[in-house]
Amino acid sequence: MNPEYNPHAIEEKWQARWLEEKTFATGRGGEKYYLLEMFPYPSGKIHMGHVRNYSIGDVVARYQRMLGRDVLHPMGWDAFGMPAENAAIAHKVHPASWTRRNIEEMRLQLQRMGFSYDWDRELATCDPSYYRWEQLFFTQMLEKDLVYKKKSKVNWCEECQTVLANEQVEDGCCWRCGKETEDKDLSQWFFKITAYAEELLAGCEDLQGGWPERVLTMQKNWIGKSVGAEIDFAVAGRDLKITVFTTRQDTLFGATFMSLAPDHPLAAELAAGTGQEAAVAAFSEKMRLQEHNDREAVQLEKEGVFTGSYCVNPMTGRKMPIYLANFVLSGYGTGAVMAVPAHDQRDFEFARMYDLPIVVVIQPEGEPLDAELMREAYAGEGRLVNSGEFNGLENRLALDRIAVHLTEKGIGKKAITYRLRDWGVSRQRYWGTPIPVIYCDACGIVPVPEKDLPVSLPEEVELDGRGGSPLAMVESFINTSCPRCGGPARRETDTMDTFVESSWYYMRYACARYNDGPLEKAAVEHWLPVDHYIGGIEHAILHLLYSRFFTKVLRDLGYISFSEPFTRLLTQGMVIKDGAKMSKSKGNVVDPNALIRRYGADTARIFSLFASPPELDLEWNDQGVEGGFRFLSRLWRMVYALLPALQGVAAFSGTMAEVPPACSSLRRKTHQTIARVRVDIEERMHFNTAISAVMELVNELKAYDLEMAQADKVLASLLREAFETVILLLSPIVPHICEELWQEFGHEQGISYVPVPLADPSSLIEDTVVVVVQINGKVRERLTVALNMADAEVQALALASERVRKHLGGKALRKVIVVPNKLVNIVV
């Protein structure tokens with residue numbers, strides 16, 4: 001054994017052995033356990049976020065193997081997307097070449113970290129062997145009316161000739177070229193995720209306890225179920241009506257004006273001929289340039305413009321001015337809000353700003369509300385007033401009564417709406433999955449038959465940065481024949497949103513080499529759902545919601561029988577340096593490769609796991625990295641120093657009754673550490689405290705040297721048990737050094753499938769306790785005494801203490817009360 005810790009030689013040795021022996025392949029028997037981290041985009045370099053995310057997952061995977069489970073722990077690549085296309089333009093290289101080179105580099109980097117992946121299941125979403133099945137799903141969803149095409153208002157960049165997501169529009173300009181964007185009606189493909197809105201919402205309840213409450217709340221809010229009523233308001237003097245959705249139909253009699261989204265389709269028509277045309281157009285344009293998220297802010301200063309038109313309150317007959325308002329968003333409800341300023345704070349602020357009437361229609365118990373004196377809206381409960389035949393009703397009862405009344409009069413109906421909108425999947429770019437649709441003048445929209453899949457991306461494309469889909473320029477791709485009539489036809493040139501690929505990849509891992517269909521049912525039913533999924537909180541809504549949607553769709557298409565993809569979810573925190581998330585733009589990035597070159601992978605792993613619990617942010621600390629390396633070096637040297645005495649003895653395996661009193665504290669500490677680590681990893685997922693517990697045991701082992709171990713065989717066997725316990729408990733965290741030390745102890749079998757140690761209950765019991773000594777109710781001393789020591793002996797020790805005698809000062813004792821194993825109470 002080398003006297004000095006050499007991480008690079010050790011790590012290269014074990015990584016090569018694991019790969020050669022396929023140590024982490026499945027099929028070893030035991031209960032199945034599917035552990036998965038969110039797969040990376042192959043940018044070319046791993047970052048500290050990857051190191052932390054995958055180290056967390058690797059601890060769980062390795063630990064589950066040690067519990068006797070058959071663990072599926074795969075890795076792959078989310079390989080499509082704009083970055084590859086941009087890099088191709090910048091570096092004059094094909095996206096496929098750029099992506100493949102990055103995958104090769106990142107695979108080596110992940111292998112250098114010692115992550116226990118089954119590399120035989122590796123997949124890349126840019127492979128036709130993967131996306132052919134995604135195209136099949138698309139055509140089958142099209143047959144089931146779960147895919148449709150419609151014109152939709154999008155953010156359009158004329159310079160780049162492409163659609164932009166809301167997040168890609170910055171201050172009204174394209175994030176890529178900086179040119180001003182415009183609203184444009186464009187024909188787009190959509191997945192009908194709204195068909196599953198209620199099931200997605202109900203499923204959140206089934207995930208309670210397995211998913212973080214924060215994530216479930218975010219998903220529920222994104223789905224945004226609202227129960228209420230739709231109400232029609234006739235536009236005065238015109239053959240038009242405005243339909244609103246409200247959850248507060250009990251306040252309908254208090255509606256005094258109408259608020260529309262600035263981009264409401266009726267905005268220009270309502271202003272026409274009123275003299276307000278220019279003002280309405282200017283306000284709409286101003287709002288278009290404003291960030292969408294800014295307009296959602298509660299503290300947003302209210303702003304609007306009168307359209308010049310009025311609508312009629314169907315219950316009161318009041319003519320209500322119609323405004324465009326900055327706080328109304330077209331994506332919510334119908335994009336129109338009946339404004340009840342007495343009972344909605346945003347409406348109240350708007351009414352005060354534009355001097356609009358306020359009518360109280362719900363009076364609380366006690367002091368009545370006066371509209372003239374109100375300083376804020378009243379949103380609480382009460383009884384209806386100024387509400388015609390509904391006066392006196394409790395407002396909660398009035399909700400249903402008014403909804404029924406609206407239905408009977410033909411001016412409204414009960415309704416349920418969702419904030420969730422259908423998923424637009426069309427992208428005007430090259431590096432993505434081609435949408436498998438053909439357009440025929442005779443037959444219309446025709447899905448590509450399964451026998452003709454995949455529709456592969458052509459390699460002969462020109463990526464020049466001018467924007468738009470390069471596929472539209474490749475005539476050999478566009479021009480085809482109709483599968484139905486055989487006539488001339490053309491292919492769809494849009495590609496799919498990359499979220500589609502990541503919405504089902506976790507199923508494909510179960511049968512990554514299966515060629516007769518997208519999913520081998522027996523394999524998928526065995527491994528799925530994923531037992532534990534790990535990734536960043538930034539994916540709480542879109543990726544996770546889309547994956548839940550896709551699971552339900554594939555269930556309904558007959559591929560699977562389960563309804564939720566991930567049983568348990570962990571969202572790890574970010575890596576922070578100098579008070580900010582690591583990023584190139586902030587210049588605070590730490591290169592994991594440099595860290596590995598200097599200290600080794602085990603040091604990088606132990607630091608990323610020790611510095612913080614998984615769910616919290618990790619603050620980068622150079623001293624913490626050094627500390628991790630020093631700890632591993634110290635452990636190595638301690639084993640080296642004691643190994644000659646420990647190699648010839650077996651690890652102690654008896655009970656506490658067989659341990660000599662002089663060695664009892666060592667045995668107790670060993671088994672208390674086992675108990676602590678098992679709770680920390682299995683129940684709490686707090687690897688930092690598990691590592692801390694092992695470090696405490698290692699510190700106690702420093703008290704023993706080679707001479708002591710050679711002189712006492714029982715002590716040597718207890719020390720061997722303690723060191724092997726340290727190695728086993730640390731092996732999921734720092735596997736390379738633990739494999740090497742395990743081998744040095746003479747074990748031929750690798751450590752990966754050695755069971756986690758069990759704590760001996762008899763060795764957990766303390767033989768001493770701390771007894772508190774009080775004098776007239778004040779704590780004056782703490783004594784360590786034998787467990788269950790006689791009361792008289794405890795009292796004598798307390799009265800003999802120097803500190804106690806000092807505080808007694810010769811005063812007469814009135815009473816001494818001893819509470820066994822806890823307290824001595826002295827009254828003077």
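K577 sits across from A580 of strand β29. K577's own strand is β28 (residues 575-577), which runs antiparallel to β29 and is joined to it by 2 bridges. Strands here are DSSP runs of E, at least two residues long, and helices are runs of H or I, at least four long, numbered from the N terminus; two strands pair if DSSP finds at least two bridges between them.

This is a predicted model, where local features need pLDDT of at least 70, side-chain atom pairs count only at pLDDT 80 or more, and totals for chains, interfaces and linings use all residues. Numbering starts from 1 along each chain as its sequence is written, and side-chain values use heavy atoms, with hydrogens and water left out.

Back to the sheet: it's open, with 3 strands in the order β29-β28-β30 and mixed pairing. At the edges are β29 (580-581) and β30 (618-619), each pairing on one side only.

E615 counts as partly exposed because its relative accessibility is 39% (buried is under 20%, exposed over 50%, partly exposed in between; 1.4 Å probe, protein chains only). T571 is 44 residues away from E615 in sequence, yet 6.0 Å away in space, C-alpha to C-alpha.

Then there's E122, in the loop between α4 (95-112) and β4 (123-124). E122 counts as buried because its relative accessibility is 16%.

| Side-chain pair | Distance |
|---|---|
| E122 and W77 | 2.7 Å |
| E122 and R107 | 2.9 Å |
| E615 and H686 | 3.3 Å |

Note on methods
A polar contact is a pair of N or O atoms within 3.5 Å; within protein, one must be able to donate a hydrogen and the other to accept it, and residues adjacent in sequence count only if both atoms are side-chain atoms.
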